[in-house]
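Biologist: I have a structure open and want to go through its ligands. Can we start now?

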Amino acid sequence: MNKHVTVAEIGPRDGFQSISCMMIPTETKLEIIEAILASGVKKLQCTSFVSPKAIPQMQDATQIAQTLLEKHPEVDLFALVPNFRGAQSAVEAGLKTVSPVISLSVSHNQNNVRRTHEQSFDELKRIMDTFPELNIDLDVATAFGCPYEGRMTVPALVDFVGKLYDLGIRSFNICDTIGVAYPTQIRETFQALMAAYPDVHFSVHIHDTRNMGILNSLEAVRCGVDTVQTTLGGLGGCPFAPGATGNTATEDFVYLLDREGYETGIDQKKLLAAAKLEVEKIPGNYSGHHIHINVEQKGF
Ligand code: COA
Ligand code: ZN
């Protein structure tokens, strides 16, 4: 049997949050999400519970989450939360999993969530103590490089993950927030993390700034990472990470996994239809190679 890889769609958060030229109507977001789910995607970051002043595009978080939870109990829905208040809103909306975000680099953490590491750790503890049933899938941002501090090292990341491990976290999403990683770094990083914490689940989140998103995402899978976050069309970019572009494009990555003999459970034709719909509805920065959206290639 082919090895299964979970392709976790995070465009409705990391993609949509980057759109500043228009407020995407909630119905449009839901229409695109429905098209994505129709392709067989089973894990989806549907929104983030953040300050509407920081990211106006996410102000319909509760409505998005509640609508999807009601319609799609079969889907593993989760949301990014920057602080306790966000986690509380996510729980109130009915979500069972949240992704608090803490950056490996102190400067990015300060810029992104306005907290020191110590403050972020304290807030995380508060979330875990208050909501013991809530699943935490922790985003480690700037794990490979930071827009303010430059390169990050593997030992620093392993140590940082260890501190969070000691708090009780067993699920981490390792993020190349600005898209500077390269395959050898990916390999060294996951080999070190998996050796140090064999009982931890790791996923990966890669930005495609230097056209290495798909390469790095595949390298992570080859290292044994079974869950990869991507965005439809490669839409995205972090408003608090200058220079970052979109993520690895879901449709390109699903194609690659399929050709490489991995099983995703995702129907490529339906996924491309969702990508077409998204491009039609939302003008934005797409790093996906859209030739595939417009060209039907017989047999592929
Ligand atoms: N949901 C909704 N509103 C929130 C909120 C949340 N999770 N967290 C804070 N706010 C509001 C507060 O009510 C306050 O509003 P007001 O000015 O009208 O009173 C304002 O945001 C600032 O509150 P404060 O307590 O100073 O915020 P904070 O220090 O706890 O955190 C952040 C501010 C980090 C939460 C905010 O800057 C943010 O949401 N950033 C987004 C980070 C992000 O999503 N980055 C990209 C993805 S990695
Ligand atoms: Zn991102």
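Biologist: How far is an oxygen atom of ligand 1 from an N or O atom in the side chain of Lys53?
Modeller: This is a predicted model, and in it that distance is 2.7 Å.

Biologist: What about Arg85, how far is its polar side-chain atom from an oxygen atom of ligand 1?
Modeller: That one is 2.5 Å.

Biologist: How much of ligand 1 does the protein bury?
Modeller: The protein buries 71% of the 920 Å² that ligand 1 exposes when taken alone.

Biologist: And where does ligand 1 sit?
Modeller: In the largest pocket. Around ligand 1 there are 18 residues, and Ser51, Lys53, Arg85, Asn112 and Arg115 are the closest.

Biologist: Which helices each supply at least two residues of that shell?
Modeller: α4 (84-93) and α5 (106-113) do.

Biologist: Different topic. Which residues coordinate the zinc ion, ligand 2?
Modeller: Asp14 through OD, and His205 and His207 through NE2, at 2.1 Å. Along the chain the donors have the spacing D-x190-H-x1-H.

Biologist: Where do Asp14 and His205 lie in the chain?
Modeller: Asp14 is in helix α1 (residues 11-15) and His205 is in strand β10 (residues 201-206). They are 191 residues apart, so the pair links distant parts of the chain.

Biologist: Is Asp14 buried or exposed?
Modeller: Asp14 counts as buried because its relative accessible area is 2%, and the cut-off for buried is under 20%. His205 is buried as well, at 3%.

Note on methods: Residues are numbered from 1 along each chain as its sequence is written. Chains are lettered from A and ligands numbered from 1 in the order in which they are written. This is a predicted model: local features need pLDDT of at least 70, side-chain atom pairs count only at pLDDT 80 or more; totals for chains, interfaces and linings use all residues. Side-chain values use heavy atoms; hydrogens and water are left out. Donors are N, O and S atoms within 2.8 Å of the metal (3.2 Å for Na, K and Ca); water is not among the atoms, so sites may look incomplete. Helices (H or I, at least four residues) and strands (E, at least two) are DSSP runs, numbered from the N terminus. Buried means under 20% relative accessible area, exposed over 50%, partly exposed in between (1.4 Å probe, protein chains only). A residue is near a molecule or strand if one of its heavy atoms lies within 4 Å of it. A polar contact is a pair of N or O atoms within 3.5 Å; within protein, one must be able to donate a hydrogen and the other to accept it, and residues adjacent in sequence count only if both atoms are side-chain atoms. Accessible areas come from the Shrake-Rupley method with a 1.4 Å probe; for residues, only the protein chains shown count as cover. On a 1 Å grid over the protein atoms alone, a cavity is a set of points where a 1.4 Å probe fits but cannot get out, and a pocket is an open set with protein on both sides within 12 Å along at least five of seven lines; lining residues have an atom within 4 Å of a point. A molecule sits in a cavity or pocket if more than half of its atoms lie within 2 Å of its grid points.
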